[in-house]
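Hi everyone, thanks for coming. Let's have a look at this one together, and I'll walk you through how its pieces pack.

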Amino acid sequence: MITETTRQAYLKAMGVQVYFPRTVLAGAKPSPQYEFTDPEPIQDEPVERVTEPMRPMRSKNPDRPVIDVSGPSKRAKSRLAKEELPQKHVFRHQASPSAEEKAEESSLRFDLGYQLVADGVAVLYELPPVAKDEDKARAKALLAAILRACGFDEAYTAARAGDGFSWPLPNDLGLASKDKAGAAALMGFLRSRCDGDQLTELIVFAGVIEPLLSKIGEELTYRQTLLASLSAMLSLASLKREVWTELQPTLARIKQNA
């Protein structure tokens with residue numbers, strides 16, 4: 001069993017100062033009876049002299065006293081050097097985005113088309129922003145086929161094709177590209193279409209924005225039918241029959257209110 005004197009000698013060689021309280025601490029465990037013997041001499045490794053005084057090393061426990069290290073070892077000096085490096089002042093415009101700022105950056109991207117197909121009835125369809133032109137053309141051809149099967153007037157539809165809506169908006173508009181801002185912008189677009197076209201029914205072929213549209217639809221006055229996206233139906237043909245089945249109650253309601 002190591003004696004107290006030998007333990008103190010090891011601690012001193014490592015640059016750790018032993019601390020003994022001068023008074024009995026309330027609630028503290030009684031100290032054992034230490035036996036002090038003459039320690040064997042321990043050869044310290046040669047250490048380069050430190051010209052600048054070392055700052056006191058503070059314990060991570062705030063209740064512990066400040067310990068002044070008078071003779072640090074190489075390992076202690078290396079640790080202190082890393083801990084006490086001065087913090088560089090970095091201006092905000094020079095710093096990289098923080099984790100919180102990156103989390104706030106918009107991950108929401110969508111490209112929407114809007115088309116009025118009858119009085120008070122419109123179609124909103126989503127196309128992948130990174131899709132090739134030929135894939136977008138195939139999706140629009142599928143939409144035209146669905147609208148013909150629904151019995152909507154092609155001449156009426158062609159004469160009232162509306163503008164689409166994409167997110168993020170161009171940077172020169174000076175608007176923040178955040179997910180919340182994207183949801184608010186989409187809400188504003190649909191509200192303007194609802195008021196301008198006096199919408200009573202909105203048929204939506206949605207993808208990533210389906211959760212947003214579900215929430216927005218609760219706040220606006222039109223009735224909304226959410227269906228699989230056009231690109232999904234092109235990838236999985238069985239979805240076409242499912243979409244057609246889901247469309248029937250909406251088409252019956254439109255016909256009844258015409």
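So, the sheet: it is open, with five strands in the order β3-β1-β2-β4-β5, and the pairing is mixed. Here, strands pair if DSSP finds at least two bridges between them. Strands and helices themselves are DSSP runs, numbered from the N terminus: E with at least two residues for strands, H or I with at least four for helices. At the edges stand β3 (165–167) and β5, each with a single partner strand, so one side of each is left without a neighbour in the sheet. From one strand to the next, the twist averages 20°. Angles run from 0 to 180 degrees between N-to-C directions, and axes are lines fitted to C-alpha atoms, for helices over the stretch in contact.

Quick housekeeping: this is a predicted model, where local features need pLDDT of at least 70 and side-chain atom pairs count only at pLDDT 80 or more, while totals for chains, interfaces and linings use all residues. Residues are numbered from 1 along each chain as its sequence is written, and side-chain values use heavy atoms, leaving out hydrogens and water.

Now look at β2 (residues 121–127): five bridges join β2 to β4, and the two run parallel. Ala122 has Leu202 in β4 as its bridge partner. Strand β4 (residues 201–205) is also joined by five bridges to β5 (residues 223–227), again parallel, with Ile203 opposite Thr225.

How does the chain get from β4 to β5? It passes through helix α7 (residues 210–217), and this β-α-β crossover is right-handed. That means that, with the strands pointing away from you, the path from the first strand over the helix to the second runs clockwise. Helix α7 lies across β2, β4 and β5, at about 165° to β5. Helix α9 packs on the sheet too, touching β2, β4 and β5, and its direction makes about 165° with that of β5. Contact here means heavy atoms within 4.5 Å.

The axes of α4 (residues 133–150) and α9 (residues 238–257) come within 12 Å and cross at roughly 45°. Which residues of α4 and α9 meet? From α4 we have Leu142, Ile146, Ala149 and Cys150, and from α9 Lys240, Trp244, Leu247 and Leu251.

Then there's α6 (residues 179–197), whose axis comes within 11 Å of that of α7, crossing at roughly 55°. Ala183, Leu186, Met187 and Leu190 of α6 make the contact with Leu212, Leu213 and Ile216 of α7.
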